[in-house]
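Here's a walk through the model, taken one region at a time.

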Amino acid sequence: MDVKERLYTVDAVWEMQGWDGERDRRYELIDGELIEMSPANYPHARLAGKIYRLLEEYAESRDLGEASVEGGFYPADDRSTLVGPDVAFISRSRLPDPEAFAFVGYMPDLAVEIVPPSNTVAELRRKASLYLENGSHLVWLVNPMEGRAEICRLDENDELHIEAIDINGALRAGEVLPGFALPLRALFPEAPA
């Protein structure tokens, strides 16, 4: 008898996480495969908080939308994929119902992933493609161990385009957050030039 691996859905993850105070595990789904997420280390969490704060302050002051941390997003037509970017931004016109106690049924306009020691940049580039192919406009991959970042977007052929940003550069959000620029020096002030 063949043993079949169970494929999960967004609904199964919602139930597994409980939301009742009894279970506090976090999961992501990629093509129905359940991936348990460990808590972030302090530098990772601190960096996510700083990026969130800067995005939220900029967006709120211009009424452009809202930033969030560790929210669950899934493509509208795919309940077997669920991702939780470290930081996300959703434009004002696309904001979900603030009273809806649920994962968001579409991808954020901007997803930010911070490269943890347990993942490779190549793995996060695959995840960036997933965001972009399912509706995100931009993905920032921030690498604190190297003091670098990448801005990912799809080009005119729907291929992943990566713009490398060094310590002297800035993360920009183009049409998603017009005029926004986040110098990497603000995130990594101790990094060598």
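This is a predicted model: local features need pLDDT of at least 70, side-chain atom pairs count only at pLDDT 80 or more; totals for chains, interfaces and linings use all residues.

Just past the end of helix 3, Gly135 takes a positive phi of about 125°. Residues are numbered from 1 along each chain as its sequence is written, and side-chain values use heavy atoms, with hydrogens and water left out.

Buried means under 20% relative accessible area, exposed means over 50%, and partly exposed is in between, using a 1.4 Å probe and protein chains only.

Six strands form an open sheet in the order 3-4-5-6-7-8, with mixed pairing. Two strands pair if DSSP finds at least two bridges between them. Strand 3 (65-69) and strand 8 (160-165) are at the edges with a single partner strand each, so one side of each has no neighbour in the sheet. On average, neighbouring strands of the sheet are turned by 15° against each other, direction ignored. Strand 5 (residues 110-114) and strand 6 (residues 138-143) run parallel and are joined by five bridges, with Val112 standing opposite Trp140 in strand 6.

Two helices pack on this sheet. Helix 2 (residues 42-61) touches strand 3, strand 4 (87-91), strand 5 and strand 6, and its direction makes about 170° with that of strand 3. Helix 3 (residues 121-133) touches strand 5, strand 6, strand 7 (148-154) and strand 8, at about 165° to the direction of strand 6. Contact means heavy atoms within 4.5 Å; the axes are lines fitted to C-alpha atoms, for helices over the stretch in contact, and angles run from 0 to 180 degrees between N-to-C directions.

Now for the rings. How many aromatic pairs does a search of the whole structure find? It finds two. Rings of Phe, Tyr and Trp (its six-membered ring) pair if their centres lie within 6.5 Å, and planes under 30 degrees apart count as stacked, over 60 as edge-to-face and the rest as tilted. Tyr58 and Phe180 have ring centres 5.1 Å apart and planes at 75°, so this pair is edge-to-face. That pair links distant parts of the chain, with Tyr58 in helix 2 and Phe180 in the loop between strand 9 (170-172) and strand 10 (181-183), 122 residues apart. Tyr58 counts as buried at 14% relative accessibility, and Phe180 counts as buried at 6%. Trp140 and Phe180 form a stacked pair, 6.1 Å centre to centre with 15° between the planes. Here the partners are 40 residues apart, Trp140 being in strand 6. Trp140 is buried too, with a relative accessible area of 0%. Together, ring pairs link Tyr58, Trp140 and Phe180 into a cluster.

The charged end of Arg62 sits over the ring of Tyr58, 3.7 Å from its centre; the criterion is NZ of Lys or CZ of Arg within 6 Å of the ring centre and within 35 degrees of the ring normal.

Finally, back to backbone angles. Most residues other than glycine have a negative phi. Glu70, in the loop between strand 3 and strand 4, has a positive phi near 50° and is partly exposed at 40% relative accessible area. Asp158, in the loop between strand 7 and strand 8, has a positive phi of about 60° and is exposed at 58%. Asp31 has a positive phi of about 50°, in the turn of the hairpin that strand 1 and strand 2 form with two residues between them.

How values were computed
Helices (H or I, at least four residues) and strands (E, at least two) are DSSP runs, numbered from the N terminus.
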